[in-house]
Amino acid sequence: MTLALPPADERTVDGRRTRCRISGDGPPVVLLHGIGRTLDDFTALHTALARDHLVLAVDLPGHGGSAPLDGPHTLPALAAAVARFLDAAEVTGPAHLVGNSLGGAVAMRLAVDTPRRVASLALLNSAGFGREVTVALRLLAVRPLARLLLRPHPRIARRTERAIFYDPAYVTDERIATALAAAGQPHAARVMLELVRDLGTWRGVRPQWRADLLDAVAALDLPTLLVWGERDLVLPAAHLAYARTRLPNARSHLFRDTGHMPQIERTAEVEALLRELWA
């Protein structure tokens with residue numbers, strides 16, 4: 001198994017290497033992945049949308065092939081880094097933001113901090129709508145266990161990938177190799193721990209940042225889509241019901257027999273939902 005990230009583009013942002021994939025032409029779309037993940041979680045959806053959109057996917061700072069930040073990795077810091085990436089890519093007008101898991105929270109934070117940059121929000125199994133989260137992430141808040149759990153190991157990577165998808169056919173050698181390559185970066189464990197401890201505790205996701213962020217997002221009244229997989233083992237589908245109460249004007253959809261990444265297990269259907277939102 002070759003432990004290398006798939007080929008992608010690269011930009012320099014604030015003097016730091018930023019791994020990205022930019023293709024297509026048209027209204028801009030920004031794809032934001034989850035914690036410990038990479039832009040490769042959006043490969044199929046990226047290709048589909050790039051037929052008539054300018055699609056930009058980026059490894060968040062300290063993830064995949066992107067260099068870490070100089071300061072702490074927090075939600076506002078990640079959102080600010082995405083804004084600077086868009087500047088470097090010469091995308092200055094409103095863009096459609098599509099975020100999965102942590103990427104959904106980053107998208108919401110970016111929308112609140114710089115509303116002029118955002119045309120719409122699509123939140124796929126997004127962080128920010130509940131305290132419950134997989135025990136694997138909660139255990140990372142326990143210092144004696146964290147380093148042990150974050151060691152790159154094929155067995156751990158396969159178990160993690162299996163928890164993400166409802167259909168085991170998506171747990172491929174290529175995805176495991178990408179996960180191992182990302183986890184093997186010298187800064188990966190530190191960045192992961194900073195984010196986990198900023199956003200949650202061993203009890204789950206902290207309530208205060210969620211409440212403040214959702215209040216601010218609701219006040220923006222942006223076109224918003226909420227999508228969830230019914231069989232999500234990372235962020236349970238019960239979060240969708242709460243999301244609907246906090247963002248009552250948002251469109252929403254629950255996929256049956258789908259895990260934490262509907263953009264992979266339900267690519268065509270997610271594409272259709274996005275195009276309906278943007279229309």
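**Entry 1. Surface and overall make-up**

I began with the accessible surface of the chain, which comes to about 12000 Å², with 54% of it belonging to carbon and sulfur atoms. Accessible areas here come from the Shrake-Rupley method with a 1.4 Å probe, and for residues only the protein chains shown count as cover. I note that this is a predicted model, in which local features need pLDDT of at least 70 and side-chain atom pairs count only at pLDDT 80 or more, while totals for chains, interfaces and linings use all residues. Residues are numbered from 1 along each chain as its sequence is written, and side-chain values use heavy atoms, with hydrogens and water left out.

I looked up the secondary structure and found twelve helices and ten strands. Helices (H or I, at least four residues) and strands (E, at least two) are DSSP runs, numbered from the N terminus. Of the 279 residues of the chain, 53% count as buried. Buried means under 20% relative accessible area, exposed means over 50%, and partly exposed lies in between (1.4 Å probe, protein chains only). Among contacts with a separation of 6 or more, 74% are between residues 24 or more positions apart; contact means heavy atoms within 4.5 Å.

**Entry 2**

I turned to strand β1 (residues 9-13) and strand β2 (residues 16-23), which pair in the antiparallel sense over five bridges. Two strands pair if DSSP finds at least two bridges between them. T12 stands opposite R17 in β2. Two residues lie between the strands of this hairpin, and D14 takes a positive phi near 55°.

The side chain of D14 also meets that of R16 in a salt bridge (3.9 Å, N to O). A salt bridge is a side-chain nitrogen of Lys or Arg within 4 Å of a carboxyl oxygen of Asp or Glu. R16 counts as buried, because its relative accessibility is 15%.

**Entry 3. Other salt bridges**

I asked how many salt bridges the count comes to by this rule. The count comes to 18.

In helix α3 (residues 102-113), D113 and R109 lie four residues apart, about one turn of the helix. Their side chains meet in a salt bridge at 2.9 Å, N to O. An α-helix has 3.6 residues a turn, so residues three or four places apart point the same way. D113 has a relative accessible area of 40% and is therefore partly exposed.

I then checked R231 and D257, which form a salt bridge with their closest N and O atoms 3.8 Å apart. This pair links distant parts of the chain, 26 residues apart: R231 is in the loop between β9 (224-229) and α10 (238-246), and D257 is in the loop between β10 (251-255) and α11 (262-265). R231 is partly exposed at 40% relative accessibility, and D257 is partly exposed at 33%.

**Entry 4. The loop between α2 and β5**

A89 is in the loop between α2 (75-88) and β5 (95-100). A89 is buried, with a relative accessible area of 15%. Leaving out residues up to four places away in sequence, A89 touches R11, I22 and L56. A89 and I22 are 67 residues apart in sequence, and their C-alpha atoms are 8.7 Å apart.

E90 is in the loop between α2 and β5. E90 is exposed, with a relative accessible area of 70%, and has a positive phi of about 60° although it is not a glycine.

S101, in the loop between β5 and α3, is not a glycine and has a positive phi of about 60°. S101 is buried, at 8% relative accessibility.

**Entry 5. Aromatic pairs**

I found two aromatic pairs in the structure. The rings of F129 and W228 have their centres 6.3 Å apart and their planes at 75°, so this pair is edge-to-face. F129 is in the loop between β6 (118-124) and α4 (135-139), W228 is in strand β9, and the two are 99 residues apart. Rings of Phe, Tyr and Trp (its six-membered ring) pair if their centres lie within 6.5 Å; planes under 30 degrees apart count as stacked, over 60 as edge-to-face and the rest as tilted. F129 is buried at 1% relative accessibility, and W228 is buried at 0%.

**Entry 6. Helix α8**

I checked the length of helix α8 (residues 188-199): at 1.5 Å a residue its twelve residues should span 16 Å, and the end C-alpha atoms are 17 Å apart, which agrees. The expected span is 1.5 Å times one less than the number of residues. The buried residues of α8 are A188, A189, V191, M192, L193, L195, V196 and L199.
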